[in-house]
Amino acid sequence: MKLTDNSRFILNQRYLLKNENGDIIETPIQLFRRVAKVISEVEGKYGKSKQEIKRFENEIYKVMINFEFLPNSPTLMNAGTPLGQLSACFALPVEDDITKIFESIKQTAIIQKSGGGTGFNFSHIRPKDDYVKSTGGVASGPLSFMDVFNAATEVIKQGGKRRGANMGILRIEHPDIMDFIVVKEKEGKLTNFNLSVAITDKFMKAVEKDGDFELINPRTNKVCRTIKAKVLWNQLCLMSWKNGEPSVIFIDTINKGNTLPEVGMLETTNPCGELPLLNFESCNLGSINISKFLKKGNGIDWIKLRNIIRLSVKFLDNVIDANKFPLPEIKQMTESNRKIGLGIMGFADLLLQMGI
């Protein structure tokens with residue numbers, strides 16, 4: 001394998017297996033063979049012969065060592081190990097209940113310890129200063145609980161192979177939305193979160209008409225106040241320009257494309273926003289390096305690309321069966337729904353090679 005110094009450094013730091021003393025005990029070639037073996041063995045579950053299994057192992061081994069396709073980091077790190085957690089992305093529910101909130105924090109710690117990232121929608125939590133019947137006091141609001149999730153991630157990343165990451169989403173009609181929009185105005189807040197505002201069709205129509213927009217208490221489902229839609233929109237645009245956050249997620253549009261509406265509503269995404277997920281779903285990702293598909297004469301080798309796409313989809317689907325899931329709820333949802341994410345990388349390199 002032709003590896004750059006940077007590639008070798010990253011492999012040594014994060015991906016190659018180590019013993020209890022921290023000594024590296026495998027080569028890059030052995031890493032890819034380990035992954036190929038674990039993923040190909042799933043074929044036996046579907047009645048494939050030993051010869052067919054070995055052929056598939058060699059095919060996926062070849063595309064990985066040629067860097068034509070690579071799976072997400074947890075698959076490379078954990079395949080064939082006692083941990084065996086192979087997914088990159090998870091979504092967890094956050095309910096308006098103190099016990100369930102801290103159960104979600106515990107589940108987050110378990111997932112992130114295994115190398116996964118987590119997405120949350122905090123819109124169900126009652127707003128700051130709202131009434132709490134059990135204590136007679138007032139609520140602290142979703143942002144205060146996000147601080148706790150953020151702190152848990154900070155602690156877990158110290159012992160992990162890579163830092164944890166979260167997606168935090170709040171709906172545009174939540175009474176605390178303005179605080180959410182400006183929370184990262186000062187550096188150092190929620191550093192383990194990417195933030196997105198869930199934008200609805202109703203809100204965008206109010207922006208277009210320069211109309212009022214109702215903020216709704218999720219505990220009572222009643223309007224608590226109104227605000228000019230453009231005031232919210234302009235503040236959101238300003239903060240996105242100033243600090244790069246929050247971004248937006250068009251939540252109604254995403255749910256129009258929800259392939260499993262009878263299972264649940266899509267409320268959040270994985271930490272980098274590539275994939276909307278239902279609560280307790282996980283997803284494993286992979287990327288095709290399209291810079292490897294340029295023929296002489298500057299054309300794309302479409303037949304080779306088609307074959308790699310089919311091989312990659314089969315690989316990612318097999319990861320679901322090979323996976324050791326961190327929670328029983330996640331195992332049930334993922335094996336039922338079988339979400340995968342196949343993307344591309346190397347586009348800029350491809351253009352450069354084509355003289356564009």
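Predicted model: local features only at pLDDT ≥ 70, side-chain atom pairs only at ≥ 80, totals over all residues.
Helix H8 comprises residues 201-208, and its buried residues are Phe-203, Ala-206 and Val-207. Viewed down the axis of H8, these buried residues fall within an arc of 100°, so they line one face of the helix. The other side of H8 carries Lys-202, Lys-205 and Glu-208, which are exposed. The cover over the buried residues of H8 includes strand S7 (193-199), strand S8 (212-217) and helix H9 (229-243).

The packing of H8 with H9 takes place at an angle of about 100°, and the two axes are 8 Å apart. Because angles of 65 to 115 degrees count as roughly perpendicular, H8 is roughly perpendicular to H9. On the H8 side, the contact is made by Phe-203, Met-204, Ala-206 and Val-207, and on the H9 side by Ala-229, Lys-230, Leu-232 and Trp-233.

Helix H5 spans residues 98-113 and has 16 residues. From its first C-alpha to its last, H5 reaches 23 Å, close to the 22 Å expected at 1.5 Å a residue. The N-terminal end of H5 is capped by Asp-97, with a side-chain oxygen 3.0 Å from the backbone nitrogen of Thr-99. Just after H5, Gly-115 adopts a positive phi of about 100°.

The buried residues of H5 are Ile-101, Ser-104, Ile-105, Gln-107, Thr-108, Ile-111 and Gln-112. They cover an arc of only 165° around the axis, which puts them on the same side of H5. Thr-99 and Lys-113 are exposed and belong to the face of H5 turned away from its buried side. The partners against which the buried residues of H5 pack are strands S2 (89-91), S3 (117-121) and S6 (166-171), along with helices H6 (142-156) and H12 (328-337).

Within strand S6 lies Asn-166. This residue has a relative accessibility of 0%, and Asn-166 therefore counts as buried. When residues up to four places away in sequence are not counted, Asn-166 touches Thr-108, Gln-112, Thr-118, Phe-120, Phe-149, Thr-153, Asn-192, Phe-193, Asn-194 and Pro-271. Among these, Thr-108 and Gln-112 are also buried residues of H5.

How values were computed. Residues numbered from 1 in each chain as written. Heavy atoms only, no water. Helix = DSSP H or I, 4+ residues; strand = E, 2+ residues; numbered from the N terminus. Expected span 1.5 Å × (residues − 1). Buried < 20%, exposed > 50% of the residue type's maximum accessible area, 1.4 Å probe, protein only. Arc of directions from axis to C-beta. Contact = heavy atoms within 4.5 Å. Polar contact = N/O pair within 3.5 Å; in protein donor to acceptor, adjacent residues only side chain to side chain. Axes fitted to C-alpha atoms, helices over the stretch in contact; angles between N-to-C directions. Parallel < 35°, antiparallel > 145°, perpendicular 65-115°, else oblique.
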